[in-house]
Amino acid sequence: MSQSPAQQTGRIIPIRTSSPDALPLPAAKQATVSRLPIDLLGRPLHDMRISVTDRCNFRCGYCMPRTAFGSDHPFLPQAELLSFEEITRAARIALSLGVTKLRLTGGEPLLRKDIDKLISQLANLRTLDGQPPELTLTTNGSLLKRKARALKDAGLQRVTVSLDALDEATFQRMSDANLSVSDVLAGIEAAQAVGLAPIKVNMVVQKGVNDQEILPLARHFRHSGIELRFIEFMDVGQTNQWQMAHVLPSDDVRARIHKEFVLRPAEQARHGATAQRWAYADGAGHIGFISSVTQAFCGDCTRLRLSTDGRLYTCLFASQSHDLRSLLRSEQQLPDEHIAARLAGLWSQRQDRYSQLRGSPTQDLQAPGNTPAPRVEMSYIGG
Ligand code: SAM
Ligand code: SF4
Ligand code: SF4
């Protein structure tokens, strides 16, 4: 299999260990999928996260530290990227297997040229129930002010915006980009104005780096209708210098907020949601906690990830991927049903539960099926 420059450096590299045609066949080699795939741990396939670019205009230290993603970093060349037609086809195939939710991500997805055109193609797809898919996007917000209207008009339903601090110096230090908090806040306002709602804001909490920003952000988004979610700093990829000492457990974050604003448990968004929701007792809104490190949620994980260059990952921490692009580009012009059967086969063999194993002292992460290191980078797979 030919490799892109990004793969040849041996430094920060998306991991591609499987052969070009490595999507397994389902047990019965049926041409048409007659039932929806369930993985080996009983989890259905409901969500697909699609990374549309591996590039970003930020250099968040927990994701794309400049030391590893410098000006000489070999990003994927254009020819390696899935086209909009290929992405749409992949999504259509995934919907035929029970996926109902599509999330665009990156890198920074708003850097992908004409992203609104892709969104309108995806918005025209239908789930098995004949409904449009839930269509959302995660962004650092820097280009949102400019693009919110076009995204909404194209059929995007809502956005999640990442914002780690209100304090300008902390924000600049963490994002390592020449942009300001006010750019992101203006993007959030624009998204609100055009109705890309309900909006969520993601804050990655790093102990000793931005934990002093928890309360300012909580105060800021109370009464806004926006749900602020606190994400535990995760050990994704190989470049972010992750240490447990820099993780502030969600329970501690919640306790800090609860001291100022009484919280009560809230109804969970839906089965398979990543965040545990809490409500302000005074009715000021909701917050969420994504506690991948201290409270693994693998048992409910229904997400499949598609990388910018068309590789499938069944876990954020996967060290193995599967080449969908070569099937999409096959000279044999494989029908959708054939690729759907391969995808169903892949999902049926899934047994990933990295976060659960990470939290268990008795488990061996090197055991077969337990997704050992090295792991793929977040900016390549999209979070
Ligand atoms: N660039 C977009 C953004 O930042 O929103 C989308 C891609 S980003 C990889 C998706 C999400 O992953 C963001 O909310 C980001 O904060 C989060 N993220 C990245 N690296 C992380 C890490 N090491 N631990 C926890 N969350 C992380
Ligand atoms: Fe870019 Fe998002 Fe990663 Fe930050 S978290 S470097 S904004 S891809
Ligand atoms: Fe899903 Fe893997 Fe995260 Fe567990 S570790 S929740 S299986 S992505």
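This briefing walks through aromatic pairs, charges over rings and salt bridges in the structure above. The model is predicted: local features need pLDDT of at least 70, side-chain atom pairs count only at pLDDT 80 or more, and totals for chains, interfaces and linings use all residues. Residues are numbered from 1 along each chain as its sequence is written, chains are lettered from A and ligands numbered from 1 in the order in which they are written, and side-chain values use heavy atoms, with hydrogens and water left out.

**Aromatic pairs**

- Searching the whole structure gives four aromatic pairs; rings of Phe, Tyr and Trp (its six-membered ring) pair if their centres lie within 6.5 Å, and planes under 30 degrees apart count as stacked, over 60 as edge-to-face and the rest as tilted.
- The ring centres of F58 and F171 are 6.0 Å apart and the planes stand at 85 degrees, so this pair is edge-to-face.
- F58 sits in the loop between β1 (47–51) and α2 (84–95), while F171 belongs to helix α5 (residues 168–175), 113 residues apart; helices (H or I, at least four residues) and strands (E, at least two) are DSSP runs, numbered from the N terminus.
- F58 and F171 are both buried, where buried means under 20% relative accessible area, exposed over 50% and partly exposed in between (1.4 Å probe, protein chains only).
- F261 and Y280 also pair edge-to-face, with 5.6 Å centre to centre and 80 degrees between the planes.
- Because F261 is in the loop between α8 (250–260) and β7 (263–265) and Y280 is in strand β8 (residues 276–280), their pair ties together parts 19 residues apart in sequence.
- F261 is buried at 14% relative accessibility, and Y280 is buried at 3%.

**Charges over rings**

- R254 lies over the face of F289, 5.9 Å from the ring centre; a charge sits over a ring if NZ of Lys or CZ of Arg is within 6 Å of the ring centre and within 35 degrees of the ring normal.
- R358 has its charged end over the ring of F317, 5.2 Å from the centre.

**Salt bridges**

- There are 19 salt bridges in the structure, each a side-chain nitrogen of Lys or Arg within 4 Å of a carboxyl oxygen of Asp or Glu.
- R358 also forms a salt bridge with D235, with the closest N and O atoms 2.6 Å apart, and both residues are buried.
- D336 and R92 form another salt bridge, at 3.3 Å between the closest N and O atoms.
- D336 is partly exposed at 21% relative accessible area, as is R92 at 39%.
- R350 and D352, both buried, meet in a salt bridge at 3.8 Å, N to O.
- A network of salt bridges links D39, R43, R350 and D352.
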